[in-house]
Amino acid sequence: MGIILFVLKALLVVGGIGCVIGSFYDKEKETMNFKPNKLIFIGLLCGFVYLGTMCIDFVPANHVGVKWSMFGGTSNKTLNEGIVIKAPFDKIYTIPTTVQERTMKDVTVQTKDAQFLTLEINVKFSVNKENAFNVYKRYENIDNLKKNIISNYSQKSIEKVVTQYNVIDALGEKKNDIYKLSTEELTNKLANEGVNLVELTIKDMDAGKDIEDAIRKEAIAKKEVETAKQNKEKAKTEAETKLIQAEGEAKANAVKTKALTNEVLLEQWIEKWDGKLPTVSGDDNMIDISKLLK
(Lines give C-alpha, C1' and ligand atoms only; values in the text may rest on other atoms or scores of the structure.)
Protein backbone atom coordinates (compact mmCIF):
# COMPACT_ATOMS: atom_id res chain seq x y z
CA MET A 1 0.00 0.00 0.00
CA GLY A 2 2.83 2.41 0.80
CA ILE A 3 4.44 1.75 -2.61
CA ILE A 4 1.12 2.36 -4.37
CA LEU A 5 0.71 5.72 -2.63
CA PHE A 6 4.27 6.68 -3.53
CA VAL A 7 3.76 5.82 -7.21
CA LEU A 8 0.44 7.66 -7.27
CA LYS A 9 2.01 10.76 -5.75
CA ALA A 10 4.86 10.66 -8.24
CA LEU A 11 2.44 10.40 -11.18
CA LEU A 12 0.36 13.26 -9.85
CA VAL A 13 3.40 15.48 -9.45
CA VAL A 14 4.73 14.72 -12.92
CA GLY A 15 1.29 14.98 -14.49
CA GLY A 16 0.44 18.20 -12.68
CA ILE A 17 3.70 19.88 -13.61
CA GLY A 18 3.33 18.69 -17.19
CA CYS A 19 -0.21 20.05 -17.46
CA VAL A 20 0.77 23.43 -16.01
CA ILE A 21 3.71 23.78 -18.41
CA GLY A 22 1.59 22.56 -21.31
CA SER A 23 -1.16 25.06 -20.53
CA PHE A 24 1.23 27.92 -21.24
CA TYR A 25 2.75 26.45 -24.39
CA ASP A 26 1.51 27.72 -27.80
CA LYS A 27 1.88 24.90 -30.29
CA GLU A 28 1.31 27.12 -33.33
CA LYS A 29 3.94 29.66 -32.39
CA GLU A 30 6.06 27.08 -30.57
CA THR A 31 6.62 29.55 -27.79
CA MET A 32 5.48 29.96 -24.21
CA ASN A 33 2.17 31.76 -23.98
CA PHE A 34 1.23 32.96 -20.53
CA LYS A 35 -2.44 32.81 -21.37
CA PRO A 36 -3.83 29.80 -19.44
CA ASN A 37 -6.01 27.20 -21.14
CA LYS A 38 -7.92 24.07 -20.08
CA LEU A 39 -4.71 22.17 -19.23
CA ILE A 40 -4.18 24.45 -16.26
CA PHE A 41 -7.34 23.08 -14.70
CA ILE A 42 -6.14 19.50 -15.16
CA GLY A 43 -2.85 20.48 -13.50
CA LEU A 44 -4.68 22.08 -10.59
CA LEU A 45 -6.82 18.96 -10.26
CA CYS A 46 -3.66 16.85 -10.04
CA GLY A 47 -2.42 19.22 -7.34
CA PHE A 48 -5.60 18.83 -5.30
CA VAL A 49 -5.51 15.04 -5.65
CA TYR A 50 -1.86 15.02 -4.59
CA LEU A 51 -2.75 17.11 -1.55
CA GLY A 52 -5.45 14.55 -0.77
CA THR A 53 -2.94 11.71 -0.91
CA MET A 54 -0.85 13.55 1.67
CA CYS A 55 -3.76 13.05 4.08
CA ILE A 56 -3.63 9.28 3.65
CA ASP A 57 -1.05 6.89 5.04
CA PHE A 58 -0.86 3.16 5.70
CA VAL A 59 0.28 1.11 8.69
CA PRO A 60 1.38 -2.39 7.53
CA ALA A 61 0.38 -5.65 9.20
CA ASN A 62 2.05 -6.50 12.53
CA HIS A 63 2.97 -2.87 13.06
CA VAL A 64 1.59 0.10 14.96
CA GLY A 65 1.79 3.70 13.86
CA VAL A 66 2.99 6.73 15.80
CA LYS A 67 1.89 10.11 14.50
CA TRP A 68 4.18 13.12 14.58
CA SER A 69 2.65 16.57 14.04
CA MET A 70 4.45 19.79 13.24
CA PHE A 71 2.35 21.57 15.85
CA GLY A 72 1.59 18.89 18.45
CA GLY A 73 4.71 16.75 18.36
CA THR A 74 4.46 12.98 18.99
CA SER A 75 0.99 11.69 19.77
CA ASN A 76 0.52 9.42 22.79
CA LYS A 77 -2.13 7.46 20.89
CA THR A 78 -0.88 4.61 18.73
CA LEU A 79 -2.49 3.79 15.38
CA ASN A 80 -3.57 0.30 14.41
CA GLU A 81 -2.62 -1.36 11.12
CA GLY A 82 -4.51 -0.25 8.02
CA ILE A 83 -5.31 3.05 6.30
CA VAL A 84 -4.76 6.18 8.41
CA ILE A 85 -6.22 9.67 7.84
CA LYS A 86 -3.97 12.54 8.88
CA ALA A 87 -3.18 16.17 8.26
CA PRO A 88 -1.14 16.84 5.06
CA PHE A 89 2.13 17.55 6.83
CA ASP A 90 1.83 15.00 9.63
CA LYS A 91 4.15 12.00 9.53
CA ILE A 92 3.36 8.41 10.49
CA TYR A 93 6.21 6.29 11.83
CA THR A 94 5.69 2.54 12.04
CA ILE A 95 7.10 0.17 14.65
CA PRO A 96 6.86 -3.66 14.37
CA THR A 97 4.98 -5.52 17.10
CA THR A 98 6.23 -9.00 16.17
CA VAL A 99 8.61 -10.86 18.47
CA GLN A 100 12.16 -9.54 18.06
CA GLU A 101 15.34 -11.34 19.08
CA ARG A 102 18.70 -10.16 20.34
CA THR A 103 21.69 -12.41 21.14
CA MET A 104 24.64 -11.11 23.13
CA LYS A 105 27.90 -13.06 23.44
CA ASP A 106 30.81 -12.66 25.84
CA VAL A 107 28.78 -10.79 28.45
CA THR A 108 30.80 -10.59 31.68
CA VAL A 109 29.28 -10.45 35.17
CA GLN A 110 30.81 -10.78 38.63
CA THR A 111 29.71 -13.13 41.41
CA LYS A 112 29.47 -12.49 45.14
CA ASP A 113 32.91 -13.99 45.72
CA ALA A 114 34.55 -11.78 43.04
CA GLN A 115 34.67 -14.44 40.33
CA PHE A 116 33.85 -13.54 36.71
CA LEU A 117 31.34 -15.40 34.56
CA THR A 118 31.15 -15.11 30.79
CA LEU A 119 27.62 -15.48 29.44
CA GLU A 120 25.78 -15.83 26.17
CA ILE A 121 22.34 -14.25 26.46
CA ASN A 122 19.33 -14.45 24.18
CA VAL A 123 16.39 -12.10 24.63
CA LYS A 124 13.04 -12.32 22.85
CA PHE A 125 10.83 -9.24 23.19
CA SER A 126 8.01 -7.33 21.53
CA VAL A 127 6.84 -3.72 21.56
CA ASN A 128 3.77 -3.05 23.67
CA LYS A 129 1.10 -1.74 21.28
CA GLU A 130 -0.37 0.75 23.74
CA ASN A 131 3.02 2.24 24.67
CA ALA A 132 4.75 2.12 21.30
CA PHE A 133 4.99 5.92 21.26
CA ASN A 134 7.53 5.66 24.10
CA VAL A 135 9.78 3.57 21.88
CA TYR A 136 9.61 6.16 19.11
CA LYS A 137 10.12 9.10 21.48
CA ARG A 138 13.19 7.61 23.10
CA TYR A 139 14.76 5.47 20.39
CA GLU A 140 13.00 6.39 17.12
CA ASN A 141 13.09 2.84 15.75
CA ILE A 142 13.30 -0.79 16.82
CA ASP A 143 16.95 -1.20 15.75
CA ASN A 144 18.19 1.45 18.18
CA LEU A 145 16.17 -0.19 20.94
CA LYS A 146 17.54 -3.62 20.10
CA LYS A 147 21.21 -2.60 19.89
CA ASN A 148 21.37 -0.40 22.96
CA ILE A 149 18.63 -0.85 25.55
CA ILE A 150 18.02 -4.59 25.24
CA SER A 151 21.72 -5.33 25.57
CA ASN A 152 22.35 -2.97 28.48
CA TYR A 153 19.24 -3.86 30.45
CA SER A 154 19.84 -7.61 30.05
CA GLN A 155 23.39 -7.39 31.38
CA LYS A 156 22.39 -5.15 34.30
CA SER A 157 19.48 -7.40 35.27
CA ILE A 158 21.58 -10.57 35.32
CA GLU A 159 24.51 -8.86 37.02
CA LYS A 160 22.24 -7.57 39.81
CA VAL A 161 21.07 -11.12 40.53
CA VAL A 162 24.40 -12.94 40.08
CA THR A 163 26.17 -10.69 42.62
CA GLN A 164 23.95 -12.29 45.30
CA TYR A 165 25.50 -15.76 44.77
CA ASN A 166 28.97 -17.26 44.86
CA VAL A 167 30.34 -18.86 41.72
CA ILE A 168 29.68 -22.44 42.80
CA ASP A 169 26.01 -21.75 43.53
CA ALA A 170 25.65 -19.71 40.33
CA LEU A 171 26.89 -22.59 38.21
CA GLY A 172 25.20 -25.24 40.31
CA GLU A 173 22.03 -25.58 42.31
CA LYS A 174 21.10 -21.87 42.21
CA LYS A 175 21.21 -21.53 38.43
CA ASN A 176 17.43 -21.81 38.04
CA ASP A 177 16.95 -19.16 40.74
CA ILE A 178 19.20 -16.83 38.76
CA TYR A 179 17.14 -17.42 35.60
CA LYS A 180 13.90 -16.69 37.42
CA LEU A 181 15.05 -13.55 39.27
CA SER A 182 16.83 -12.15 36.19
CA THR A 183 13.69 -12.62 34.11
CA GLU A 184 11.63 -10.74 36.70
CA GLU A 185 14.18 -7.92 36.87
CA LEU A 186 14.40 -7.53 33.08
CA THR A 187 10.62 -7.71 32.69
CA ASN A 188 10.20 -4.71 34.99
CA LYS A 189 12.95 -2.71 33.30
CA LEU A 190 11.58 -3.24 29.78
CA ALA A 191 7.99 -2.54 30.85
CA ASN A 192 9.04 1.03 31.65
CA GLU A 193 10.24 1.36 28.05
CA GLY A 194 6.99 0.12 26.50
CA VAL A 195 8.44 -3.33 25.75
CA ASN A 196 7.20 -6.81 26.71
CA LEU A 197 9.76 -9.48 27.59
CA VAL A 198 8.86 -12.76 25.89
CA GLU A 199 11.79 -14.89 27.07
CA LEU A 200 15.23 -14.51 28.60
CA THR A 201 17.66 -17.38 28.00
CA ILE A 202 21.18 -17.75 29.34
CA LYS A 203 22.62 -20.13 26.76
CA ASP A 204 26.04 -20.53 28.30
CA MET A 205 27.69 -19.64 31.61
CA ASP A 206 31.46 -20.09 31.71
CA ALA A 207 33.72 -19.50 34.71
CA GLY A 208 36.96 -20.85 33.25
CA LYS A 209 38.52 -24.32 33.40
CA ASP A 210 39.98 -24.10 36.94
CA ILE A 211 36.71 -23.03 38.54
CA GLU A 212 34.66 -25.56 36.62
CA ASP A 213 37.08 -28.37 37.55
CA ALA A 214 36.77 -27.41 41.22
CA ILE A 215 32.98 -27.38 40.93
CA ARG A 216 33.04 -30.77 39.24
CA LYS A 217 35.17 -32.25 42.05
CA GLU A 218 32.86 -30.80 44.66
CA ALA A 219 29.86 -32.27 42.86
CA ILE A 220 31.53 -35.69 42.82
CA ALA A 221 32.32 -35.43 46.53
CA LYS A 222 28.74 -34.47 47.33
CA LYS A 223 27.51 -37.38 45.25
CA GLU A 224 29.75 -39.81 47.14
CA VAL A 225 28.53 -38.48 50.49
CA GLU A 226 24.96 -38.74 49.32
CA THR A 227 25.50 -42.30 48.06
CA ALA A 228 27.11 -43.34 51.36
CA LYS A 229 24.23 -41.82 53.27
CA GLN A 230 21.74 -43.66 51.10
CA ASN A 231 23.60 -46.95 51.59
CA LYS A 232 23.62 -46.40 55.35
CA GLU A 233 19.91 -45.73 55.38
CA LYS A 234 19.32 -48.80 53.23
CA ALA A 235 21.36 -51.04 55.55
CA LYS A 236 19.56 -49.63 58.57
CA THR A 237 16.20 -50.28 56.96
CA GLU A 238 17.16 -53.83 56.00
CA ALA A 239 18.39 -54.55 59.55
CA GLU A 240 15.20 -53.18 61.06
CA THR A 241 13.16 -55.27 58.64
CA LYS A 242 15.04 -58.47 59.56
CA LEU A 243 14.63 -57.70 63.27
CA ILE A 244 10.91 -57.22 62.85
CA GLN A 245 10.68 -60.48 60.89
CA ALA A 246 12.68 -62.36 63.55
CA GLU A 247 10.54 -60.98 66.34
CA GLY A 248 7.44 -61.98 64.42
CA GLU A 249 8.67 -65.50 63.87
CA ALA A 250 9.66 -65.86 67.54
CA LYS A 251 6.25 -64.73 68.69
CA ALA A 252 4.56 -67.09 66.23
CA ASN A 253 6.66 -70.03 67.42
CA ALA A 254 5.88 -69.18 71.04
CA VAL A 255 2.18 -69.20 70.29
CA LYS A 256 2.49 -72.52 68.46
CA THR A 257 4.50 -74.07 71.31
CA LYS A 258 1.99 -72.95 73.87
CA ALA A 259 -0.84 -74.43 71.83
CA LEU A 260 0.79 -77.92 71.53
CA THR A 261 -0.81 -79.62 74.58
CA ASN A 262 -0.79 -83.41 75.15
CA GLU A 263 -4.35 -83.71 73.89
CA VAL A 264 -3.46 -81.88 70.66
CA LEU A 265 -0.40 -84.05 70.11
CA LEU A 266 -2.45 -87.24 70.74
CA GLU A 267 -5.12 -86.13 68.33
CA GLN A 268 -2.55 -85.32 65.63
CA TRP A 269 -0.89 -88.73 66.21
CA ILE A 270 -4.20 -90.58 65.93
CA GLU A 271 -5.11 -88.69 62.73
CA LYS A 272 -1.85 -89.67 61.10
CA TRP A 273 -1.78 -93.35 62.43
CA ASP A 274 -2.70 -95.91 59.77
CA GLY A 275 -3.98 -98.47 62.30
CA LYS A 276 -1.13 -100.89 61.85
CA LEU A 277 0.77 -102.24 64.80
CA PRO A 278 4.53 -102.30 64.87
CA THR A 279 6.02 -105.35 63.13
CA VAL A 280 8.81 -105.64 65.67
CA SER A 281 7.93 -106.51 69.22
CA GLY A 282 9.90 -105.82 72.28
CA ASP A 283 9.96 -103.42 75.09
CA ASP A 284 12.09 -100.99 73.16
CA ASN A 285 9.82 -100.97 70.09
CA MET A 286 6.43 -100.73 71.73
CA ILE A 287 4.76 -97.34 71.79
CA ASP A 288 3.35 -96.38 75.10
CA ILE A 289 0.61 -93.82 74.72
CA SER A 290 -0.51 -93.98 78.27
CA LYS A 291 1.60 -90.96 79.09
CA LEU A 292 -0.14 -89.01 76.34
CA LEU A 293 -3.52 -89.89 77.82
CA LYS A 294 -2.68 -88.43 81.21
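Analyst: Start with the chain as a whole: among contacts (heavy atoms within 4.5 Å) between residues at least 6 apart in sequence, 65% join residues at least 24 apart. The model is predicted, so local features need pLDDT of at least 70 and side-chain atom pairs count only at pLDDT 80 or more, while totals for chains, interfaces and linings use all residues. Residues are numbered from 1 along each chain as its sequence is written, and side-chain values use heavy atoms, with hydrogens and water left out.

The chain has nine helices and 10 strands; these are DSSP runs numbered from the N terminus, with helices being H or I of at least four residues and strands E of at least two. Of its 294 residues, 27% are buried, where buried means under 20% relative accessible area, exposed over 50% and partly exposed in between (1.4 Å probe, protein chains only).

Now the pair of helices. Two packed helices are described by the angle between their axes and the distance between the axes. For helix H4 (residues 142–162) and helix H6 (residues 175–191), the axes come within 8 Å and cross at roughly 140°. Axes here are lines fitted to C-alpha atoms, for helices over the stretch in contact, and angles run from 0 to 180 degrees between N-to-C directions. H4 and H6 are therefore oblique to each other: under 35 degrees counts as roughly parallel, over 145 as roughly antiparallel, 65 to 115 as roughly perpendicular and the rest as oblique.

On the H4 side, the residues that meet H6 include Ile-149, Ile-150, Tyr-153, Ser-157 and Val-161. Their partners in H6 include Ile-178, Leu-181, Ser-182, Glu-185 and Lys-189. By type, the residues of this contact of H4 with H6 divide into 10 nonpolar, three polar and three charged. Nonpolar covers Ala, Val, Leu, Ile, Met, Phe, Trp, Tyr, Cys and Pro; charged covers Asp, Glu, Lys and Arg; the others, Gly among them, are polar.

Ser-157 of H4 is worth a separate look. Ser-157 is buried, with a relative accessible area of 0%. Leaving aside neighbours within four places in sequence, Ser-157 is in contact with Ser-182, Glu-185, Leu-186 and Lys-189. From Ser-157 to Glu-185 there are 28 residues in sequence, but 5.6 Å in space, C-alpha to C-alpha.

H4 also takes part in another packing: the buried residues of H3 pack against H4, as well as against strands including S4 (63–69) and S5 (73–79).
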